[in-house]
Amino acid sequence: MMCDVEPVRDEHGRLMLVAGRAVTVRVPATSANLGPGYDSLGLALGYGDRLMVRTRQEAGVSVEINGEGSDTLPRDESHLVVKTMRRTWTDLGVSADVMDAVGLELIAENRIPHGRGQGSSAAAIVSAVFAAAGLLGLDTDRERDVLFQLAAHYEGHPDNVAPAVYGGYTMSFAEDAVDVSEPRTVDEASGAGEDSDAAVACGATLSPVAGGEFSTVAARVHAQLTPVVAVPEMTLSTDAARSLLPAVVDHADAAADAGRASLLTYAITQDPRHLMRATRDWLHQRYREEAMPESAQLVRAARAAGCAAVISGAGPTVLVLAHGEIHADAALKVLKEVTSGGGWDVFMPGLDERGVMVEVYRNA
Ligand SMILES: Nc1ncnc2c1ncn2[C@@H]1O[C@H](COP(=O)(O)OP(=O)(O)O)[C@@H](O)[C@H]1O
Ligand SMILES: N[C@@H](CCOP(=O)(O)O)C(=O)O
């Protein structure tokens with residue numbers, strides 16, 4: 001993090017939002033699940049979104065959107081980034097009066113496609129949480145773990161948020177206190193409209209999130225691992241895809257899935273030759289097939305051709321985890337051939353090892 005601003009506090013010690021600051025946040029696209037790692041495993045991809053936010057004296061909010069969502073997203077308080085920044089400030093103890101008095105100018109450069117299974121909503125939430133913390137003058141590198149907790153809490157599942165925050169390959173899990181027996185939609189999980197006491201700002205650093213729901217471990221990816229994606233024009237919201245999942249799964253399916261998820265961690269970090277067998281899943285893809293039959297068909301065709309293909313996130317993007325240049329070129333060719341009828345964008349996005357990047361500066 002690059003930062004030349006300090007936290008300012010009121011007479012009660014509460015963090016203050018002040019005019020005349022600016023922040024730039026870069027956040028990568030992500031692919032979650034990776035086959036057997038439903039709601040756990042994630043990979044940071046080598047491209048992403050950029051968000052700039054300025055605070056100003058005049059109250060109110062202005063939003064400029066370039067790229068993805070420029071013709072669909074709202075430009076007011078209901079914009080996901082604006083809502084999430086305000087929620088973050090509230091959770092970090094900034095008073096409503098202070099928040100209302102300071103104006104916001106947002107410029108979003110969006111490259112991650114929306115509703116395609118590459119973590120656009122997680123990227124928006126992560127960029128909002130880190131922008132909000134940066135504008136308060138907090139050291140977002142030092143506070144990365146607490147800010148991860150907040151963002152994962154807002155998103156409701158940690159598997160996209162973790163690689164967006166830390167980069168690389170991430171293995172996330174719910175802490176014991178969380179009841180994961182009922183699948184939740186993103187809206188339920190993000191607690192839209194509810195009061196939240198997720199984190200408290202105290203002293204120079206943030207306290208750990210009260211009852212932090214999720215944790216993660218980030219690992220470096222094997223040098224040969226090369227993602228290839230096929231992105232269709234159709235969209236599928238994550239909430240809709242989650243609503244297709246059963247509340248209970250068969251014990252044998254859970255056991256089979258656990259074996260492949262363990263193997264996948266070895267394949268991604270140590271020996272990519274195991275990727276094909278390591279990317280079988282029993283928990284989500286088959287239940288979602290009806291909502292994205294063409295993606296399911298592409299996964300089958302690519303696997304039949306020897307590519308470790310899975311549905312990326314909740315879909316409908318198809319991801320191949322290739323190993324080495326020759327295999328990646330072959331995977332690219334297979335995906336292009338099968339989708340030659342049109343309507344798909346097939347490319348190699350590369351990987352991101354750094355996660356979210358924040359620069360804060362004075363903007364008098
Ligand atoms: N950069 C962004 N700014 C504002 N809202 C966003 C942004 N990215 C995603 N969203 C919101 O999240 C929705 C997509 O979220 P979701 O259904 O979870 O799909 P994805 O797989 O792309 O994360 C979009 O339709 C939009 O409402
Ligand atoms: N584990 C989640 C992942 C959703 O990822 P997204 O990129 O589609 O938002 C799920 O499978 O629902």
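1. How to read the model. This is a predicted model, in which local features need pLDDT of at least 70 and side-chain atom pairs count only at pLDDT 80 or more, while totals for chains, interfaces and linings use all residues. Residues are numbered from 1 along each chain as its sequence is written, chains are lettered from A and ligands numbered from 1 in the order in which they are written, and side-chain values use heavy atoms, with hydrogens and water left out.

2. Helix α4. Helices (H or I, at least four residues) and strands (E, at least two) are DSSP runs, numbered from the N terminus. Helix α4 takes in residues 144-155, 12 residues in total, and spans 16 Å between its first and last C-alpha, close to the expected 16 Å. That expected span is 1.5 Å times one less than the number of residues. Just after α4, G156 has a positive phi of about 95°.

3. Cover over α4. In this note, buried means under 20% relative accessible area, exposed over 50%, and partly exposed in between (1.4 Å probe, protein chains only). By that cut-off, 11 of the 12 residues of α4 are buried. Among them are R144, F148, H153 and E155.

4. Strand β10. How many residues of β10 are buried? In this strand (residues 225-232) 8 of the 8 are, so β10 is largely enclosed by the rest of the structure. In a regular strand the side chains alternate between the two faces of the sheet. In β10, L225, P227, V229 and V231 point one way, T226, V228, A230 and P232 point the other way, and all are buried.

5. Partners of β10. Two strands pair if DSSP finds at least two bridges between them. β10 and β12 (residues 318-323) run antiparallel and are joined by 6 bridges; L225 has H323 as its bridge partner in β12. With β13 (residues 344-347), β10 pairs in the antiparallel sense over 4 bridges, and there the bridge partner of P232 is W344.

6. Ligand 1. A residue is near a molecule if one of its heavy atoms lies within 4 Å of it. There are 17 residues around ligand 1, and G115, G117, S120, S121 and T238 come nearest. Helix α3 (residues 120-135) gives the most to this shell, with 3 residues. For polar contacts, pairs of N or O atoms within 3.5 Å, an oxygen atom of ligand 1 is 2.7 Å from a side-chain N or O atom of T238. Another entry for the list is a polar backbone atom of G117, 3.1 Å from an oxygen atom of ligand 1. The protein covers 80% of the 560 Å² of accessible area (Shrake-Rupley method, 1.4 Å probe) that ligand 1 has on its own.

7. Ligand 2. Which residues come nearest to ligand 2? Of the 15 around it, they are N33, D39, D159, R242 and R288. A polar side-chain atom of R242 lies 2.7 Å from an oxygen atom of ligand 2, and a polar backbone atom of A314 is 2.9 Å from an oxygen atom of this ligand. Of the 350 Å² of accessible area that ligand 2 has on its own, the protein covers 98%. The elements giving two or more residues to its shell are β2 (21-33), β3 (37-56) and α7 (238-242).

Notes. Polar contact = N/O pair within 3.5 Å; in protein donor to acceptor, adjacent residues only side chain to side chain.
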